[in-house]
Amino acid sequence: MRAGKNKLNCVKKTIIFKALIFVFLFFFILFDISAINFQDINLSNDNRLIYRANFFDSHAIFVSHLANQTNTGFPTRQLTAFPEKLYLVDNGRTIIALNRFGAVRIPTAGGLPSALPGYPSFTGGSLPLAGRLQDLAASPDGRWIIFIEPTSAGYGNLILVDINSGTRQLITERIELPASYFPAKWSPDSQYFIYSKGLRLFYFPINHSITGQVDERFRMIGTGRINSIFWGQHGGFFYLTGNTLYHVRSPEIFTRTMFGDFLSIGNVAAVLPFDFDSGFDNFWVAPDVGSFVVKKRQRGLFLFMLGDNHNSSVSMPHISIPYGAENFNVLWSAAGDRSILTVLFSLNDQTTAWRFEITARQGTSPSIRTTEMANTPSSAAGSLSPDGTRAIFWGERGLELWNYTSWQLISRLNETPVFSGLWVNPRQIIIGNSRFIEEINVQVSSFPRRIISLSGADEIGFEENIQTGFTRTPSRILARVGTAWFATDGSGAWTAENNVRLRPVSVESERFRVFLEPQNQGPFRNIPLLRDLQSFTTISFFPLNFTGRSSVGAALGATQRIAIYFDLYDDDTGLALVLAALRRHGKRATFFLNGEFIRRNPQAARAIANAGHETASMFFAPIDFSDTRFQITEDFIIQGLARNEDEFFRVTGRELSAIWRPPFYRSSPAINAAAARAGYFTVERSFDPGDWLSAEDALRLNLRQVPPSEMIDQIMERITPGALIPIRLGLLPGGRDSYLFQYIDVLFDALIRAGFELMPVSAVIR
């Protein structure tokens, strides 16, 4: 079984991309990305080039005006917008569609997508990133957006953009790339936002002059992450820290420029019988501000009353969360003295819904009725109408409209996957699927639809141009979606067409000839090249030469296998998060378990095995083999490994892989030889991320605790093909503010962008 580490001759590269044809430089990024593939190129008589760009599971149609080249490139416009995520701003007048190629805004009335000025987009010269979709926060009034511009694998700069002018302002440097939540939230009136950085919360006001703001240290609210903040519907926000919930009115932020203790500016709204941990917990406040619910890790839900009962330590009720539940969603309506809370989550690809009906009549104690609903929507992803009477749910199985009050399905509006859904008002919704962004009137039983924009196209081309007299009007651009055809002149909205005269595909005009040139490395599978028949020159849409450091990035198509493996000593905290991340990325990994963990966490052991991951041994008990109290003999090692095999088989009905590593990495040649006698290969880590160092250990050993984002930077600086990198799951007995496993998606993003293939340990050591 013993084999050398996989050796590859590929050279890793950083791609610092400077587009010759676009408006500005590729925004600061230090990773290689998966390749962009161009297809369906088509050139009109008036030198307009239309083409499709594909990246991951997204694509977009673009048109470039070749005859209008300037020193910044060819004017280019995006014609379709894939709706990976939708936002509704400007009182429902504007949609912001976010996808791999950037963010665009589309009038709700209908129109072509237009790039947001100041935000990185493909039409502006920015290459899309592999890994997760990079989120943003849009102000409700539609004027501002906040996004993070990566500067390393773990950190970036928080940027504020005025999307009317494209003016950008740096809000803060070295903010952690988001793990689960985008680290900023806007106030409902768009007057300020709150962001989290370094386990602290800060506010930033928007005024007529956003220059010369108060220094960040004087804008600090308190400790916590962004999920410590919940905006109320009527202004102000709730802040949960420790065991106390505060209600803060917006004016209090602006009347103080410096405060040392948050207690002095917020009113106590509730006191909990436990501490809120912003690294694992979440909370939601009812619209009528009469109650709130706390999700304590993945263990349980607690409902608390507000108002006169805010000093009560009684929680009612407590609901245990099933093991493996994910994709939590909370819907909450309130009318009169009754509010209805629905908590949805997915478990084993099925949706579960719990309903809490809270009645709080004046002068009486509140009553709460809790029910697990027998009928559930096809997905936990959904949103509540503004009046709280209906709800929509969307996902891979389509779109459903529900009566929220009676909890009954009204209609299944789509059978095909829907990526996003929004309520415009109680009568109208906007949805995005692979074909259209469209509006649906849910007030009328026939549910009439109106197309706002195209999400993609099955076929594109130019309209056959018929010359009238001595004039020839420019050909319109045509797109087929399913069996329906649409047309645009390249500036106005798509309109439906019945009688289509499609011009044959052409790659040549009187001035240009265009073709696709395959690429062996870099961010493109192929590149459109132009032959200028007048000047006898060849022009590339994109540069053909790339330079950069060899410490990051990878050649296109190279296989650089590494293993990120996970150690489980006694606590399974973080396991569900890691399993979900691996499932999203379609990856298998290795988990090292000891017998004590298996006995205490049988559900966790079964979850790992049932997910198809490699399970390996960490001996039967978490013993430090360097401890002189133990007499480590060959029989002791062999028997401990065998006992661990039996315990795992008893719980899962499966066998452990024949690889192991000693607990705490305490080993010796004699221990390894004994394990080899038992048929085991001993795994040694390539380097230590240091995620095992607790706060108590750091103080005792006089060592600095490295935050997870910095660990990720260090991993990416040191990693080489064939590396074996451990991550410890579970809470440390000595405590820690944040854990590396909480940022597992950030690490996966960095590895994928650097060209590494995540594999089980056995696939790397072969």
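Select Ser190. At 2% relative accessibility, Ser190 counts as buried (buried means under 20% relative accessible area, exposed over 50%, partly exposed in between, with a 1.4 Å probe and protein chains only). Ser190 sits in the loop between β13 (184-186) and β14 (192-197). Helices (H or I, at least four residues) and strands (E, at least two) are DSSP runs, numbered from the N terminus. Ser190 is not a glycine, yet its phi is positive, about 65°.

A word on what is on screen. This is a predicted model, in which local features need pLDDT of at least 70 and side-chain atom pairs count only at pLDDT 80 or more, while totals for chains, interfaces and linings use all residues. Residues are numbered from 1 along each chain as its sequence is written, and side-chain values use heavy atoms, with hydrogens and water left out.

**Stop 1: Trp407**

Go to the loop between β30 (398-403) and β31 (408-414), where Trp407 lies. Trp407 is not a glycine either, and its phi is about 55°, again positive. Is Trp407 buried or exposed? Trp407 is buried, at 1% relative accessibility.

**Stop 2: the whole chain**

Zoom out. The protein chain has ten helices and 49 strands. Of its 766 residues, 56% are buried. Now think about contacts (heavy atoms within 4.5 Å). Among contacts in the protein chain with a separation of 6 or more, 56% are between residues 24 or more positions apart.

**Stop 3: helix α9**

Select residues 744-753, helix α9. Ten of the ten residues of α9 are buried, so the helix is largely enclosed by the rest of the structure. Among the buried residues are Ile744, Phe748 and Arg753. Show the neighbours next. The cover over the buried residues of α9 includes β43, α2, α8 (708-718), β48 and β49 (756-758). Just after α9, find Gly755, with a positive phi of about 90°.

**Stop 4: helix α2**

Move to α2, residues 575-585. Its buried residues are Leu575, Val578, Leu579, Ala580, Ala581 and Leu582. They pack against β24 (326-335), β43 (560-568), β44 (590-593), α4 (602-610), β48 and α9. Just past the helix, Gly586 has a positive phi of about 70°.

**Stop 5: Arg588**

Step on to Arg588, in the loop between α2 and β44. Arg588 is partly exposed, at 44% relative accessibility. What does Arg588 contact, leaving aside its neighbours within four places in sequence? The list is Gly612, His613, Glu614, Leu758, Met759 and Pro760. Draw a distance from a polar atom of the Arg588 side chain to the backbone oxygen of Gly612: it is 2.7 Å.

**Stop 6: salt bridges**

How many salt bridges does the structure hold? It holds 37 (a salt bridge is a side-chain nitrogen of Lys or Arg within 4 Å of a carboxyl oxygen of Asp or Glu).

- Select Asp349 and Arg397. Their side chains meet in a salt bridge, 3.0 Å from N to O. The pair links distant parts of the chain, 48 residues apart. Asp349 is in the loop between β25 (338-347) and β26 (350-359), and Arg397 in the loop between β29 (390-395) and β30. Asp349 is exposed, at 56%, and Arg397 is partly exposed, at 38%.
- Select Arg629 and Asp627. This salt bridge spans 2.8 Å, N to O. Arg629 is exposed, at 69% relative accessibility.
- Select Asp688 and Arg685. Their closest N and O atoms are 3.8 Å apart. Asp688 is partly exposed, at 27%, and so is Arg685, at 30%.
- Select Arg132, Asp749 and Arg753. Salt bridges link them in a network.

**Stop 7: a pocket**

Finish at the second largest pocket, with about 490 Å³ of space. On a 1 Å grid over the protein atoms alone, a pocket is an open set of points where a 1.4 Å probe fits, with protein on both sides within 12 Å along at least five of seven lines; lining residues have an atom within 4 Å of a point. A volume is the space filled by probe spheres set on the points.

Which lining residues are closest to the centre of this pocket? Select Tyr569, Phe664, Trp692, Asp697 and Arg728, out of 21 in the lining. Strand β48 (residues 724-729) gives the largest share of the lining, three residues. Colour the lining by type: nine residues are nonpolar, two polar and ten charged. Here Ala, Val, Leu, Ile, Met, Phe, Trp, Tyr, Cys and Pro count as nonpolar, Asp, Glu, Lys and Arg as charged, and the others, Gly among them, as polar.

Notes: Polar contact = N/O pair within 3.5 Å; in protein donor to acceptor, adjacent residues only side chain to side chain.
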